[in-house]
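Please look over the sequence and the model before reading on. The report below goes through a few of its features in turn.

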Amino acid sequence: MTSPDTSSHKTVAFHTLGCKLNFSETSDMCRRMTNAGYVKVDFTESADIYVINTCTVTEEANKKCRQIISRCKRLNPNAFVVVTGCYAQLQAQKISQIEGVNLVLGGNKKTQILSIIEQCLASHESKIILSTDILHDKDFFPSYSAGDRTRSFLKVQDGCDYFCSYCTIPMARGLSRSASIASTVQMARQAAADGAREIVLTGVNIGDFGRHQGETLLGLIQELEGVDGVERFRISSIEPNLLTDDIIRHCAASRKFMPHFHVPLQSGSDAMLKLMRRRYDTALYAQKVQTIKSLIPNAFIGVDVIVGVNGETPELFEQTRSFIESIDVSQLHVFTYSERPNTKALAIKPVVPVPERHHRNAILHEISERKRIAFYQAHQGQEAKVLIESSLRDGLHVGFTENYIRVELPASPHEVNTIATVRLGELTSDALALSASRI
């Protein structure tokens, strides 16, 4: 392998797979390297160094990672390729055997990426694996995304203590940990100084924020209200058993926390929830949805669901379908179950055939589209405030309302990252947004 360019103009490209948490950590790695003199280039360009931050929620995510590694080598056969993130933590040896990979960086080693890359280049070693015993790692490294998106993803928590039967996240990210309220608020101020008008609080299990320090997520969101420059906060995925009524009430009264919740369900069958080792039942979930809607009638509620998990008989899937139909939620994020090594779900029977898993996914996707379109149509003709995020085709801008309705409106100069007051119109031709006109 030829060493990458070691001049002051070393180029580096980043690619992120997976969740909002990964985006915040990729942005942190990028800042560390550009502050040290590296030049960031687009991932579609030839670069001296490629950094791939991976996900391992499904086998499809693993497959995408391998494809991206091959793409890097086609762009620059002499590039130094770094693979980090959850897949790197769980399958370090396997990844190291992929042709073209030079460095596998697991766990919290991401925060040391700059010094590790420079040590590797100086040593001229062609294959290095650095991973950690993540389950014993108590360090928390905050991060936030900036530069690539109008909204910033602020990492407030990492890891999970739940060990759901289908999930490898504790093995990939360790146990739950977070920073203090004070240091998290300071990180939010830095994101605001970098231009963020909207901040999304993200983590693996953010409802667990502060538990080991005697603090709470409610305490954090109360303090974030005072961060100048940020007009919108959103709470990303939060477990229903940790979404307290006090948090819902705070959001209902807040000018900054948006009427938008993402509450994972995973299954609408109590029997399946037990097999999954979830910490709630459908009655509690339905009560949380009802509380949100009673206090914030216009709230958008997103829902995660997994179909085809081992043990999900046709009758139990029908319970899920029926339950989802019965609750007032706005959109589903449907995942098809993929077997993960070293998980308890592997011992559960019956195994759902893969074609049937995809069939169930399609059924729930149809329900999701119906619910989302109905939610959008219920807001037609109303006034809304839209944070304009980017330009779109045909002279249009795209953005989102406070309650997360996607909006397209005619573009005006210098309008990205500003908030416009609009009148919501008809569904667009692809039904993915509402048209809007400025007021």
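How many disulfides does a search of the whole structure find? In this predicted model, the search of the whole structure finds 0 disulfides. Cysteine 120 is in no disulfide, and the nearest cysteine sulfur, that of cysteine 72, is 16 Å away. Cysteine 167 is likewise in no disulfide, with the nearest cysteine sulfur, that of cysteine 164, 6.1 Å away.

| Residue | Relative accessible area | Class |
|---|---|---|
| Cysteine 120 | 4% | buried |
| Cysteine 167 | 23% | partly exposed |
| Leucine 135 | 34% | partly exposed |
| Arginine 340 | 4% | buried |

Arginine 340 is found in the loop between strand 15 (331-336) and helix 13 (354-377), and this arginine counts as buried because its relative accessible area of 4% falls under the cut-off of 20%. Although arginine 340 and cysteine 167 are 173 residues apart along the chain, their C-alpha atoms are separated by 7.0 Å.

Leucine 135 lies in another part of the chain, namely the loop between strand 6 (128-130) and strand 7 (143-144). Together with Phe163 and Leu175, Leu135 makes a nonpolar surface patch of about 210 Å².

Conventions
Residues numbered from 1 in each chain as written. Predicted model: local features only at pLDDT ≥ 70, side-chain atom pairs only at ≥ 80, totals over all residues. Heavy atoms only, no water. Patch = residues over 30% accessible without salt bridge, like charges linked within 9 Å, V, L, I, M, F, W, Y side chains within 5 Å. Areas by Shrake-Rupley, 256 points an atom, 1.4 Å probe, with all protein chains shown as cover. Salt bridge = Lys/Arg side-chain N within 4 Å of Asp/Glu carboxyl O. Helix = DSSP H or I, 4+ residues; strand = E, 2+ residues; numbered from the N terminus. Buried < 20%, exposed > 50% of the residue type's maximum accessible area, 1.4 Å probe, protein only. Disulfide = S-S within 2.5 Å.
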